[in-house]
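Hi,

Here is the structure I said I would pass on.

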Amino acid sequence: RPKRTLTTAPSSNARASNAVPRQPSHPPPQTLAKAVTGMLQQFTVDKRFLQAKTVGVGYRFTKQAHDLDKTSTAAWGSIVSGIDEGDGWVNVGDKYLPMDVNGKRVLFAKVPLARTTSGTVFST
């Protein structure tokens, strides 16, 4: 039995074979996350997962949990500006804050909802 071959005529709106596929106008989410690392951004200091009875998270002199600055604390509910180092630490001036304490997230990046000519609106 002979093989049947189905052939169709190209449609009038078919792309030329040498056309370059159109790239999406926005980067994938993982690219956006990487772009934020290393840039100054705002973080909310939040104990919702930790349920701590302390006044806040202690700043560290280095990226070592035990290198605590006992005179400086980021209070719960406050907003700090820093640079996400991409390794679980946020650089705040000349000190550091951990993103997690005892395995629980305590720093949450404030994500801009919109940018307008009058300023940036952040989520709460």
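This is a predicted model: local features need pLDDT of at least 70, side-chain atom pairs count only at pLDDT 80 or more; totals for chains, interfaces and linings use all residues.

Below is what I found, going from the overall layout to single residues.

**Overall layout**

The protein has 1 helix and 11 strands. Along the sequence, the order is α-β-β-β-β-β-β-β-β-β-β-β. Of its 124 residues, 26% count as buried. The accessible surface comes to about 9700 Å², and carbon and sulfur atoms make up 54% of that. If you take the contacts with a separation of 6 or more, 54% of them are between residues 24 or more positions apart.

Strand E1 (40-45) and strand E4 (residues 79-84) run antiparallel and are joined by 5 bridges. One place to look is Gln 41, whose bridge partner in E4 is Gly 82.

E4 also runs antiparallel to E5, with 2 bridges joining them. Here Ile 83 has Asn 91 in E5 as its bridge partner. E4 and E5 form a hairpin with 4 residues between them, and Gly 86 in the turn has a positive phi of about 80°.

Then there is E2, which pairs with strand E3 (residues 68-75) in the antiparallel sense over 4 bridges. Val 57 stands opposite Ala 74 in E3.

How many of the residues of strand E2 (residues 56-60) are buried? The count is 5 of the 5, so this strand is largely enclosed by the rest of the structure.

The largest nonpolar core has 16 residues. Those with the most contacts inside it are Val 45, Val 57, Trp 76, Val 80, Leu 97, Val 106 and Leu 107. The elements giving two or more residues to this core are E1, E2 and strand E5 (89-92).

Leaving aside its neighbours within four places in sequence, Val 57 is in contact with Val 45, Thr 73, Ala 74, Trp 76, Leu 97, Pro 98, Val 101 and Val 106. Among those partners, Val 45, Trp 76, Leu 97 and Val 106 are also on the list of core residues with the most contacts.

Lys 95 is found in strand E6 (residues 95-98). Why does Lys 95 count as buried? Because its relative accessibility is 19%, and the cut-off for buried is under 20%. The side chain of Lys 95 makes a polar contact with the side chain of Asp 69, at 2.5 Å. Setting aside neighbours within four places in sequence, the residues in contact with Lys 95 are Tyr 59, Arg 60, Phe 61, Asp 69, Ser 72 and Val 90.

The other lysine is Lys 110, in the loop between strand E9 (107-109) and strand E10 (112-116). Lys 110 counts as buried too, with a relative accessibility of 12%. Its C-alpha atom is separated by 9.9 Å from that of Ser 81, which is 29 residues apart from Lys 110 along the chain.

**An aromatic pair**

The count comes to 1 aromatic pair. The rings of Phe 49 and Phe 108 have their centres 5.9 Å apart and their planes at 45°, so the pair is tilted. Phe 49 lies in the loop between E1 and E2, while Phe 108 is in strand E9, so the pair ties together parts that are 59 residues apart in sequence. Phe 49 itself is partly exposed, with a relative accessible area of 47%.

**Positive phi in the loops**

Two residues other than glycine are worth a look here. Gln 51 has a positive phi, near 55°, and is found in the loop between E1 and E2. Is Gln 51 buried or exposed? With 59% relative accessibility, Gln 51 counts as exposed.

Asn 102 also has a positive phi, of about 55°, although it is not a glycine. Its place is in the loop between strand E7 (100-101) and strand E8 (104-105). At 72% relative accessibility, Asn 102 counts as exposed.

That's it from me.

Cheers

Key:
Residues are numbered from 1 along each chain as its sequence is written. Side-chain values use heavy atoms; hydrogens and water are left out. Buried means under 20% relative accessible area, exposed over 50%, partly exposed in between (1.4 Å probe, protein chains only). Two strands pair if DSSP finds at least two bridges between them. A nonpolar core is a set of buried Ala, Val, Leu, Ile, Met, Phe, Trp, Tyr and Cys residues joined through side-chain atoms within 4.5 Å. Contact means heavy atoms within 4.5 Å. Accessible areas come from the Shrake-Rupley method with a 1.4 Å probe; for residues, only the protein chains shown count as cover. A polar contact is a pair of N or O atoms within 3.5 Å; within protein, one must be able to donate a hydrogen and the other to accept it, and residues adjacent in sequence count only if both atoms are side-chain atoms. Rings of Phe, Tyr and Trp (its six-membered ring) pair if their centres lie within 6.5 Å; planes under 30 degrees apart count as stacked, over 60 as edge-to-face and the rest as tilted.
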